[in-house]
Amino acid sequence: MKLTVAEARPHLIRLSIIAGLFCIIQATSYWNSSVYDYESAMSWSWASNFLSDLGRTTWYNGMAAPLAQQLWFVLGMGSLGLALALWFRVHRVSTVLGTLAGTAFLGVALLPSDIVRWPHRIALLAALCLTLAAALSAWRASWANRVLALFLLSYLAFLVSFPLPETSNEISLVHSVAQKIVVLSTIATVGAGTLLPWKSLR
């Protein structure tokens, strides 16, 4: 039986999430550098490393990062961005905002933090703000959008009020953990949201 676009969309969102996580996990397998001087571990850490570390052109030890690591990261962020863009196809405004948010997340991967730190951070901030705006514009469409909005508002408040990661290793670790919490929570919320029907606001 042929699925309609509306029926296929939840499956495409879940497939994009799975593909994105798979690609990011593949990217972590290439990492061979510690994050801090006092660390002996040379594998990528879900606690200490930022996701954007996977897009770096050089590791923290000064060695050149493999191109394969960067490509897997770009594919992973592109897939997660696609999942967001598909999720927010509720009405015209949320569709535009969701598409821009997905594109901004891809931009985060295409702007290595070790070469262009502030453009990278601006792309990340744009991605977060656009996702928040999309969730607010489609607030009534799904419970997941309301949860997403609360997650992102909390995270943005944290970013504004907390010192920058480069202030100290301890602060960098807090930023890293907070990042994983909001990213994984966002993915889980969108994934769970596809399991229940959401309203069309067209």
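Predicted model: local features only at pLDDT ≥ 70, side-chain atom pairs only at ≥ 80, totals over all residues.
The structure holds 1 cavity of 30 Å³ or more, and the space in the largest cavity amounts to about 50 Å³.

Two helices, H1 (5-28) and H6, each supply at least two residues of this lining. The largest share, 3 residues, comes from H6.

## The largest pocket

Rolling a probe the size of a water molecule over the atoms shows where empty space is left. The largest pocket contains about 1100 Å³ of space. Its lining consists of 46 residues, and those that lie nearest the centre of the pocket are Phe50, Ser52, His120, Leu124 and Gln179.

Helices H2 (67-87), H3 (92-110), H4, H5 and H6 (169-193) are the elements that give two or more residues to the lining of the largest pocket. This lining divides into 29 nonpolar, 11 polar and 6 charged residues.

## Packing of H4 against H5

Two packed helices are described by the angle between their axes and the distance between the axes. For helix H4 (residues 117-137) and helix H5 (residues 143-161), the axes come within 9 Å and cross at roughly 145 degrees. The crossing of H4 past H5 is left-handed.

On the H4 side, the contact is made by Leu125, Leu128, Cys129, Thr131, Leu132, Ala135 and Leu136. Helix H5 contributes Asn145, Leu148, Ala149, Leu152, Leu153, Tyr155, Leu156 and Leu159. Of the residues in this contact, 13 are nonpolar and 2 are polar, while no charged residue takes part.

## Aromatic pairs

A pair of aromatic rings is described by the distance of the centres and the angle of the planes. The structure holds 6 aromatic pairs, one of which joins Tyr155 and Phe158. Their ring centres are 6.0 Å apart and their planes stand at 20 degrees; because planes under 30 degrees apart count as stacked, this pair is stacked.

Both residues belong to helix H5, where Tyr155 and Phe158 are 3 residues apart, about one turn of the helix. Tyr155 also belongs to the contact of H5 with H4.

Note on methods
Residues numbered from 1 in each chain as written. Heavy atoms only, no water. Axes fitted to C-alpha atoms, helices over the stretch in contact; angles between N-to-C directions. Helix = DSSP H or I, 4+ residues; strand = E, 2+ residues; numbered from the N terminus. Left-handed = near helix turned anticlockwise from the far one by under 90°. Contact = heavy atoms within 4.5 Å. Nonpolar A, V, L, I, M, F, W, Y, C, P; charged D, E, K, R; others polar. 1 Å grid on protein atoms, 1.4 Å probe; cavity = no way out; pocket = protein on both sides within 12 Å on 5 of 7 lines; lining within 4 Å. Points joined across faces, edges and corners; volume = space filled by probe spheres on them. Phe/Tyr/Trp six-rings, centres within 6.5 Å; stacked < 30°, edge-to-face > 60°.
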